[in-house]
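Hi,

Here is the structure I said I would pass on.

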Amino acid sequence: MKFTLHIWRQPGPEARGQMMTYRIDGITGDMSFLEMIDVLNERLIKDGIEPVAFDHDCREGICGSCSMMINGLAHGPERGATTCQLHMRSFRDGDEIYIEPWRAKAFPVLRDLVVDRSAFDRIVQSGGYVNVNTGGAPDGNSLPIPKADADKAMDAAQCIGCGACAAACPNASAMLFVAAKVGHLGSMPQGQAEQSARVRTMIATHDREGFGHCTNIGECEAACPKEISTEFIAGLNRDYIASAVKSAVKGEARGGF
Amino acid sequence: MISLDSKVPSGSVPEKWTNFKKKQLLINPANKRKYTVIVVGTGLAGASASASLAELGYNVQTFCFHDSPRRAHSIAAQGGINAAKNYRNDGDSVWRLFYDTIKGGDFRAREANVHRLAEVSVNIIDQCVAQGVPFAREYGGLLDTRSFGGAQLQRTFYCRGQTGQQLLLGAYQALARQIAYGNVKMFPRTEMLDLVVVDGRAKGIVVRNLVTGQVSSHAADAVVLATGGYGNVYYLSTNAIGCNVTATYRAYKRGAAFANPCYTQIHPTCIPVSGDHQSKLTLMSESLRNDGRVWVPKNRADINKHPSEIPETDRDYYLERKYPSFGNLAPRDISSRAAKEACDDGRGVGPGGRGVYLDFGTAIGRLGKAKIAERYGNLFDMYQRITGENGYERPMRIYPAIHYTMGGLWVNYELMSNVPGLFVIGEANFSDHGANRLGASALMQGLADGYFVLPYTLTHWLADQKPGTLPTNHTEFLKAEAETTERLKKLLNAKGKKTAAEYHRESGKILWEKVGMARTKASCEEAIAQLRQLQLEFHHNLAVTGTGEGLNTALERANRVWDFLEFGQLLARDALDREESCGGHFREEHQYPDGEAKRDDERYSHVAAWTYNGPDATPTRNVEQLTWDAVKPSVRSYK
């Protein structure tokens with residue numbers, strides 16, 4: 001198969017970027033999208049041109065590293081799949097393909113298709129955990145959890161932190177990411193004690209990092225490679241309102257513990 | 001020869017860990033703050049160790065080459081984690097888990113370490129539950145378990161098919177919490193390129209910031225490597241693309257002993273290679289072998305036929321034929337070798353003739369498609385996504401692939417290498433799996449080391465050391481930094497014709513063919529010679545673009561491949577000198593007439609730990625004799 005690729009090239013965080021066009025052939029349908037870029041990069045290195053930088057690692061759809069807008073879609077046309085799980089048989093021979101980095105102010109470009117997603121780490125650092133130290137945990141079976149709750153927690157916990165939700169959202173909101181973590185911990189008794197504070201601190205960090213507000217457009221769910229439901233955003237909103245009311249009554253500072 | 005003192009505590013095997021803790025030295029909380037610990041890697045072992053050490057009060061600096069500590073390859077583990085909880089009342093115990101792990105490792109692991117692993121396995125589950133890991137539950141709300149890897153018990157805890165992910169996120173969140181508290185300083189996108197050893201002690205590391213390209217040093221009272229395995233030395237493996245041997249290999253070059261590099265695990269149920277462009281192999285859970293039947297055509301002439309055109313009488317269900325009592329559930333190493341034999345015989349199917357059928361036809365006939373879909377639906381989907389074929393209608397094609405490496409840096413009972421101050425945990429060390437790892441044991445070991453072993457043993461060691469790091473302008477730091485910069489410059493100045501990926505592919509192929517599933521004296525010798533040749537060529541015909549400043553993926557890759565080329569020779573040398581077959585290491589000269597692996601306990605009941613003697617010198621093979629106080633080595637038979 002043959003393709004014409006238009007790829008965003010940007011030498012560094014401060015440098016100006018531009019779309020560059022490359023023609024490539026000898027591609028087979030079995031190749032993953034990233035393997036197709038590997039082929040291009042091998043050729044570029046041989047021609048003395050720097051390869052296209054992109055984040056990738058496990059190549060089996062679980063590490064959350066890969067992050068590309070393909071023809072305007074986060075992770076490309078395949079539903080419920082990361083870029084590394086997208087195969088070239090999903091394209092037609094001769095297609096033109098536009099490849100860009102994640103688009104969101106909170107994900108600044110470092111080089112070519114590589115963006116800085118450390119904002120997600122900072123959101124988790126602001127409450128996306130249960131406050132327990134190692135050691136001293138009670139027996140695992142001392143806390144029965146209804147299967148339905150554990151299943152719901154797992155549905156949310158599947159989030160791979162890739163950032164497709166924010167990249168796909170017209171507001172560049174990462175609310176699905178926040179909701180997945182809040183929904184995971186909040187569905188289980190271990191996470192309940194801190195749920196009220198968690199929801200506010202995580203949202204405060206989300207806003208501070210420069211992500212936009214959620215206006216229930218739903219692009220995030222469509223782009224999510226793990227197909228995490230926007231129902232978790234609804235749950236997040238309920239928790240947030242309850243928490244805000246509680247803190248207003250109690251006179252707690254907004255966003256504080 | 002160096003002396004390898006395992007520092008195993010006194011007492012009977014089940015008492016050793018208790019005895020260690022009784023005598024363990026402590027450091028008061030106010031003084032812990034004065035010690036700085038560097039942790040490299042943020043997989044299960046690294047993240048759990050960083051969090052636990054920071055909770056104790058140490059000053060922790062943690063490094064990973066990913067953009068976030070949540071991405072390490074522990075995340076890809078599917079199956080589950082073993083623990084001797086005996087929630088099922090099915091006869092499990094710490095002793096039984098210990099014995100199964102020792103036997104699974106073909107009696108090539110250190111008893112004391114393995115027993116400790118089994119002991120702390122029960123704490124891991126409790127800890128993870130407290131963190132909010134969403135383990136599978138039964139309708140009564142209690143934890144569900146399943147059987148795994150041929151065990152006769154149901155001791156494996158799991159989170160759907162994403163156990164590694166959920167356990168890693170638990171550890172990552174514990175780490176995030178310590179970062180928020182200011183107890184851990186996290187350095188993402190920072191790759192360790194050298195170990196700094198001063199007067200024979202590990203005192204810090206040299207790193208490269210992968211975004212700015214800056215090379216710098218970090219000093220510490222102790223360095224912990226949690227940098228994973230070296231499976232990617234074979235180029236194609238189920239490891240993530242970034243997995244590499246650089247951190248452990250550099251430590252080896254600075255004096256740390258590398259133990260049992262020839263112990264590599266090959267997993268039988270991976271999706272076969274489809275062409276030269278392929279960058280990695282994908283594993284499908286072993287559970288598929290519960291209902292799938294493995295076969296190849298009896299006649300070479302049939303290999304290109306559609307499988308439905310091959311009648312039952314012309315199919316060779318070779319596992320059922322050779323191992324009637326275990327059949328399709330024969331252990332990983334045995335099934336893998338049988339697949340290779342069938343393909344070597346010219347009866348392999350699919351592109352390149354490197355594949356065997358895994359057929360669900362019988363199971364679908366017996367249980368119906370719906371039942372099979374319920375059990376394995378996600379795996380069938382994954383297979384279809386990658387191969388474009390429908391596994392319900394046409395048998396899947398599978399082939400073995402490198403999956404895990406049991407070898408690693410040598411450590412004593414306290415997880416410290418022979419270089420004082422250098423600790424090694426998780427897959428990066430050699431200690432617990434012997435010559436073969438059992439399913440669902442890797443997650444257990446990573447978390448055991450990080451949560452429940454290192455916090456004790458590191459404290460014990462540090463208590464005897466005066467706190468205080470060296471300044472990073474100390475001569476040894478400057479020397480190591482200069483050597484790293486020089487090395488990067490050498491790579492950048494290479495103006496040859498071949499890319500690092502091409503060298504990697506070529507060297508990986510040599511290793512896979514000659515030191516892969518089956519090895520001989522001649523094949524190991526050939527591998528060493530050919531890799532040596534390739535290494536020489538690499539230095540004058542490599543092509544690397546760009547500069548050292550800024551993000552340069554070509555440079556990162558070339559730097560890792562350089563180490564793979566050298567390390568591959570060490571692996572082959574170890575395979576050459578271990579003249580027996582055990583676990584994942586199969587020497588064709590050493591087998592029983594029926595083709596089973598023949599262990600040689602007289603001569604090889606020991607750990608081989610290699611030390612570096614210089615770029616052109618042969619490394620030294622040091623030996624730690626294994627002792628058998630609790631169990632008696634026996635022959636593994638699966639007939």
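Below is what I found, going from one part to the next.

First, some housekeeping. This is a predicted model, where local features need pLDDT of at least 70, side-chain atom pairs count only at pLDDT 80 or more, and totals for chains, interfaces and linings use all residues. Residues are numbered from 1 along each chain as its sequence is written, while chains are lettered from A and ligands numbered from 1 in the order in which they are written. Helices (H or I, at least four residues) and strands (E, at least two) are DSSP runs, numbered from the N terminus.

Let's start with strand S1 of chain B, residues 36–40. Five of its five residues are buried, so S1(B) is largely enclosed by the rest of the structure. (Buried means that 20 or more other C-beta atoms lie within 10 Å of the residue's own; 12 or fewer is exposed, and in between is partly exposed, with C-beta atoms placed from the backbone.) B:Thr36, B:Ile38 and B:Val40 point one way, and B:Val37 and B:Val39 point the other way.

S1(B) also has partners. Two strands pair if DSSP finds at least two bridges between them. S1(B) runs parallel to strand S2 (residues 59–63) of chain B over five bridges, and B:Ile38 has B:Gln61 as its bridge partner there.

Next, the spot where the chains meet through two helices. Helix H2 (residues 118–125) of chain A packs against helix H6 (residues 163–180) of chain B at an angle of about 85°, with the axes 8 Å apart. H2(A) and H6(B) are therefore roughly perpendicular to each other (that label covers 65 to 115 degrees; under 35 is roughly parallel, over 145 roughly antiparallel, and the rest oblique). Axes are lines fitted to C-alpha atoms, for helices over the stretch in contact, and angles run from 0 to 180 degrees between N-to-C directions. On the H2(A) side, the contact involves A:Asp121, A:Val124 and A:Gln125. Contact here means C-beta atoms, placed from the backbone, within 7 Å.

Finally, look at B:Asp90, in the loop between strand S3 (81–82) and helix H4 (94–104) of chain B. B:Asp90 counts as partly exposed, with 13 C-beta neighbours inside 10 Å. B:Asp90 and B:Leu153 are 63 residues apart in sequence, but 6.5 Å apart in space, C-alpha to C-alpha.

Cheers

How values were computed:
Contact = placed C-beta atoms within 7 Å.
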